[in-house]
Amino acid sequence: MARQVLRGVDLEVAPGELVCLTGRSGAGKTTLLHIVSGLERADEGEVLLDGQALNRMGESGRAQLRARTIGIVFQAFNLLEHLTVGENVMLPAAFLRGWVENARDRAGEVLDKVGLGDRFEALPGVLSGGERQRIALARALFAVPALLICDEVTANLDLETAREMVALIDGLRRDENIAVLAATHDEALVRLADRQLRLEDGKLR
Ligand SMILES: Nc1ncnc2c1ncn2[C@@H]1O[C@H](COP(=O)(O)OP(=O)(O)OP(=O)(O)O)[C@@H](O)[C@H]1O
Ligand SMILES: [Mg+2]
């Protein structure tokens, strides 16, 4: 029988709000983030994105809505190694009608935001871990997301670089009113949060 990971989770994130999701390893944080972003389907319940029911859409509808409204930063970065930094950042354009023409400009803009505007033509392989993490953030910002989802974005970074990442994320929700949902063990990020939700026995506490 399938294992039940989440039970009766209810959660709302408002524009500009930073909500941190904590809980021990295996508690279901990544699972919950995948459900919120429509990468995985919940067996029951509803996910509303900008008022639209994500869970009632088909695969391509979900992909479209996700590309338009959510930016996701995975813990493992998920950069494509054979593409340049700029091309990696432009990847979401494939799902976004009307973005193709100015995709290069937009990629440059978001790379500037994370302080890596000069690495457009570099291959990810030559970048440091912190730089790769920022490229992943730039890609998540490409489509001007209403919601930014971060999964352990500082876990692989040294203290100094982690602090920069935290400041960057906090700045984004303050200056651009982006809602942020972040699974994290990082005390510095949790301290800045409007709310901390702890996942335990499949429930939020
Ligand atoms: N595709 C899957 N099939 C079966 N079990 C899974 C699957 N994905 C996750 N699980 C299980 O669900 C539980 C929750 O996993 P999840 O990755 O959400 O935890 P987490 O809180 O993100 O942990 P961590 O802090 O280590 O990242 C774990 O017991 C995991 O083994
Ligand atoms: Mg996880």
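What covers the buried residues of α6? Keep that question in mind while I say what we are looking at. This is a predicted model, and every value I quote is computed from it.

To answer: the cover over the buried residues of α6 includes the strands β1 (18-22), β5 and β6 (179-183), and the helices α4, α5 and α7 (187-192). The buried residues themselves are T161, A162, M165, V166, I169, D170, L172 and R173. Now look at how those numbers are spaced. An α-helix has 3.6 residues a turn, so residues three or four places apart point the same way. As for its length, α6 has 18 residues, which should span 26 Å at 1.5 Å a residue. Its end C-alpha atoms are 25 Å apart, so the helix agrees with that expectation.

Next, the whole chain. The chain has 7 helices and 8 strands. For 205 residues, a compact globule would have a radius of gyration near 17 Å, and the chain has 17 Å, so the two agree. The C-alpha trace spans about 45 × 40 × 35 Å along its principal axes. Of the 205 residues, 50% are buried. If we take the contacts with a separation of 6 or more, 71% of them are between residues 24 or more positions apart.

Now α5, which runs over residues 129-141. How many of its residues are buried? The number is 12 of the 13, so α5 is largely enclosed by the rest of the structure. Among the buried ones are G130, E131, R132, R134 and R139, along with I135, L137 and L141. From its first C-alpha to its last, α5 reaches 19 Å, close to the 18 Å expected.

Is F77 buried or exposed? Its relative accessibility is 10%, and the limit for buried is under 20%, so F77 counts as buried. Not counting residues up to four places away in sequence, F77 touches G129, R132, Q133, A136 and R139. F77 and L137 are 60 residues apart in sequence, yet their C-alpha atoms are 8.6 Å apart in space.

At least two residues each come from α2 (59-69), β4 and α5. By type, the lining has 12 nonpolar, 3 polar and 3 charged residues.

There is also 1 cavity of 30 Å³ or more. The largest cavity holds about 40 Å³ of space. It is lined by L33, H34, S37, L39, I72, F74, I149 and D151. Both α1 (29-36) and β5 give two or more residues to that lining. Its residues divide into 5 nonpolar, 2 polar and 1 charged.

While we are on α2, note R62, which lies in that helix. Its relative accessibility is 6%, so R62 counts as buried. Beyond its neighbours within four places in sequence, R62 is in contact with G38, R41, L54 and M57.

Last, two backbone angles. Most residues other than glycine have a negative phi. V144 is not a glycine, but its phi is positive, at about 55 degrees. V144 is in the loop between α5 and β5, and with 49% relative accessibility it counts as partly exposed. N177 also has a positive phi without being a glycine, at about 60 degrees. Where is N177? It is in the loop between α6 and β6. N177 has a relative accessible area of 47%, so it is partly exposed.

That is where I will stop.

Note on methods:
Residues numbered from 1 in each chain as written. Chains lettered and ligands numbered in written order. Predicted model: local features only at pLDDT ≥ 70, side-chain atom pairs only at ≥ 80, totals over all residues. Heavy atoms only, no water. Helix = DSSP H or I, 4+ residues; strand = E, 2+ residues; numbered from the N terminus. Expected span 1.5 Å × (residues − 1). Buried < 20%, exposed > 50% of the residue type's maximum accessible area, 1.4 Å probe, protein only. Nonpolar A, V, L, I, M, F, W, Y, C, P; charged D, E, K, R; others polar. Contact = heavy atoms within 4.5 Å. Rg over C-alpha atoms; globule rule 2.2 N^0.38 Å. 1 Å grid on protein atoms, 1.4 Å probe; cavity = no way out; pocket = protein on both sides within 12 Å on 5 of 7 lines; lining within 4 Å. Points joined across faces, edges and corners; volume = space filled by probe spheres on them.
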